[in-house]
Amino acid sequence: MNPIKVGDGVAFRRKVTRSLELRGFDDPLWLETREDDSGNAMAKRAIEYESDLVLVAGGDGTVRVVCAALAHTGIPVGVIPAGTGNLLARNLHIPLDLDDALERILEGRDRRIDLVSVFGDGLDKDRFAVMAGLGLDAAIISQAPPVLKAQIGWPAYLVSTARNINHPSVRVRITFDDEFTIERRVRTVVIGNVGMLQANIPLLPDARPDDGLIDVVVIAPRRVTQWPIVVWRLMTRTNRADMYLERFTGRKVSITAAVDVERQLDGDPIGPGRSLTAEIEPGALVARVPRGR
């Protein structure tokens, strides 16, 4: 767990331990993230412990690191949302209330979902579970005020969006499955394993976490006055492609920008660069989800 995100750690531990005890689990092994490690060493310790179930309580960054480390182990991962975005939890229909999430996970079922391996210039090979982006979306994430995020949660990103509405466009080359290449001048490119943002905004409405595909959205309004068209198309789930918004799918996606731009993985800024290459890892993670999902 991320102790900063959870809040009252003593009460949380007591609640989780009691819920596990009622369902016949042994005493749990508690592992707290640190400022210099968002969960990698902790997840490896859980593997060594031969855990039957790993519960990860934290934000999207902690969840991503733990899921990446537990890929291909077969150990189920239950996400207890305690962050700003909680996008994997939202897309797996896990309630955002801690008590409700714990109940649904412990009474839930195991579901295999995909992960996405990713690398780029200045970036060691990694994995993500939700979305990666290059351009405006990464700038919004990196410039969201931390104090405001702590106070009001994900609406802090709306403040950052307003500040970055004139974020410059960039020329990119995008190659799908090493076969099909397009060139565009874009505001942002987002690669998704799932499709829903906060407030149920369907950025990638056809994305599914277990379909063996990566979904890509290219957003490219030329002027600020064209943003309402993009927003309308997103909210109405319009599939028509035009110069403002295009969607693609593939098993591998490579993006190369003409200049350095901001990049992000599952809501974590990873620094500027010119490239991102993502490839699907079908069924890499066993996720614990509510029954019926």
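Strand 3 and strand 4 form a hairpin with two residues between them, and Gly-122 in the turn has a positive phi of about 75°; helices (H or I, at least four residues) and strands (E, at least two) are DSSP runs numbered from the N terminus. The model is a predicted one, in which local features need pLDDT of at least 70 and side-chain atom pairs count only at pLDDT 80 or more, while totals for chains, interfaces and linings use all residues. Residues are numbered from 1 along each chain as its sequence is written, and side-chain values use heavy atoms, with hydrogens and water left out.

**Hairpins**
- Strand 3 (residues 109-120) pairs with strand 4 (residues 123-128) in the antiparallel sense over four bridges, where pairing requires that DSSP finds at least two bridges between two strands, and Val-118 stands opposite Asp-126 in strand 4.
- Strand 6 (residues 170-176) and strand 7 (residues 180-186) are paired in the antiparallel sense over seven bridges, and Val-170 has Val-186 in strand 7 as its bridge partner.
- Three residues lie between the strands in the hairpin of strand 6 and strand 7, and Asp-177 there takes a positive phi near 55°.

- Six strands make up an open sheet in the order 10-9-8-5-12-13, with antiparallel pairing, and its edge strands, each pairing on one side only, are strand 10 (245-250) and strand 13 (268-269).
- Strand 12 (residues 263-265) pairs with strand 13 in the antiparallel sense over two bridges, with Gln-264 opposite Pro-269 in strand 13.
- Helix 10 (residues 227-235) lies across strand 9 (214-219) and strand 10, running at about 45° to strand 10; axes are lines fitted to C-alpha atoms, for helices over the stretch in contact, with angles from 0 to 180 degrees between N-to-C directions, and contact means heavy atoms within 4.5 Å.

**Second largest pocket**
- The second largest pocket holds about 620 Å³ of space, a volume being the space filled by probe spheres set on grid points that are joined across faces, edges and corners.
- Its lining has 29 residues, of which Pro-28, Leu-29, Leu-53, Val-54 and Leu-55 are the closest to the centre.
- On a 1 Å grid over the protein atoms alone, a pocket is an open set of points where a 1.4 Å probe fits, with protein on both sides within 12 Å along at least five of seven lines, and lining residues have an atom within 4 Å of a point.
- Strand 1 gives the most to the lining of this pocket, with four residues.

**Overall dimensions**
- The protein chain has 10 helices and 14 strands, and its C-alpha atoms fill a box of roughly 55 × 40 × 35 Å along the principal axes.
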